[in-house]
Amino acid sequence: GDASPIAFRTAEVTKAVVTGFNDGDAFSVWGGYDNNATNVFDDVTVTNSNGSWTYSPYRYWVADKEYRFYAVYPATVGANVEANGTITVTDFDASKTGAEAVDLMTASAEAKEGDKAAVAFTFNHELAWLSFTVISEGDEVTITSAALTGVDYKGTLSNGSWNNQAASTPDGPFKSSQVSLTANALSATLFGGDLLLIPAMDLTDAQLSLTYYYGDKSTDVKTSTISLSTAAVTTWEKGKSYQYKVNIPRNAVDVSFTVEVNNWIQDDTTIEW
């Protein structure tokens, strides 16, 4: 009859290095009333189409009911929400890097018919954003391999907490093939670009290993292993950015590195040692 359809909108988010959502992006929605988060929406896909969020068939407001809504982005991660609002994402895989990295986000909202406006979701990042850049001080350097080990890349998110299930090894999944630093390009990004990783409460086992040689001296290959746990950074928190800059100095001196720790929108502080 006179009932209005329930509609959705999103506040701005920073998704990896892209601000906002693109046409065709989709999230899953759960929602309902009478303290039941699934009696109206139960894993319904809502898709961005020309700037508007749409789903089908429409659900309509029930007068005088207080609603709770939950959302998970992207819709393809196979999330589940219980009637009490507990969000679970089982066996999430964070092994993709660069443009293929998956930015897992969740949101919740409360609304009622009298609000008249579309339900607004503000998405929160459930992962930590990392990048690794290697820089030469001037010498030409060839990095024959790089590996990120002891880093959790598979786990289950439930009620805001992670149960981690698999950690990276020298065999993968975070490996870089040969990278050349030349006079015209003395820096390069490792592992294909941005990494969106499961938050880490303990970085004791997290390491970055490099094998490399200077100039054309391919018979004089050097190895450096860097612990990513320091007095300043012992955890990776969700919603924060960690930009590691690995420095390969002249004359085969030991490798060093710095890391910038920022909020997802990078406006925070720099830690250096």
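**Before the views.** Strands here are DSSP runs of E with at least two residues, and helices are runs of H or I with at least four, both numbered from the N terminus. This is a predicted model, in which local features need a pLDDT of at least 70, side-chain atom pairs count only at pLDDT 80 or more, and totals for chains, interfaces and linings use all residues. Residues are numbered from 1 along each chain as its sequence is written, and side-chain values use heavy atoms, with hydrogens and water left out.

View 1. Of its 273 residues, 46% count as buried (under 20% relative accessible area with a 1.4 Å probe, protein chains only; exposed is over 50%, partly exposed in between). The average pLDDT (the predictor's confidence in each residue, from 0 to 100) is 86, and 87% of the residues score at least 70. Please read residues 266-273 with care: their pLDDT is below 50, although the stretch has 20 contacts in the model beyond near neighbours in sequence (contact means heavy atoms within 4.5 Å).

**View 2. Phe41 and Tyr55 form an edge-to-face pair.** Rings of Phe, Tyr and Trp (its six-membered ring) pair if their centres lie within 6.5 Å; planes under 30 degrees apart count as stacked, over 60 as edge-to-face and the rest as tilted. Here the centres are 5.3 Å apart and the planes stand at 70°. The pair links distant parts of the chain, with Phe41 in strand β5 (residues 41-49) and Tyr55 in the loop between β6 (52-54) and β7 (66-73). Both Phe41 and Tyr55 are buried. Look also for Arg59, whose charged end sits over the ring of Phe41, 5.4 Å from its centre (the rule asks for NZ of Lys or CZ of Arg within 6 Å of the ring centre and within 35 degrees of the ring normal).

**View 3. Ser131 is a buried residue of strand β13.** This strand covers residues 128-136. Ser131 counts as buried because its relative accessible area is 11%. What does Ser131 contact, leaving aside its neighbours within four places in sequence? Its partners are Asp194, Tyr242, Gln243 and Tyr244.

**View 4. Strand β16 gives the most to the lining of the second largest pocket.** Three residues of this strand (161-167) contribute to the lining. Of the 13 lining residues, Trp162, Pro199, Ala200, Met201 and Trp236 are the closest to the pocket's centre (on a 1 Å grid over the protein atoms alone, a pocket is an open set of points where a 1.4 Å probe fits, with protein on both sides within 12 Å along at least five of seven lines; lining residues have an atom within 4 Å of a point).
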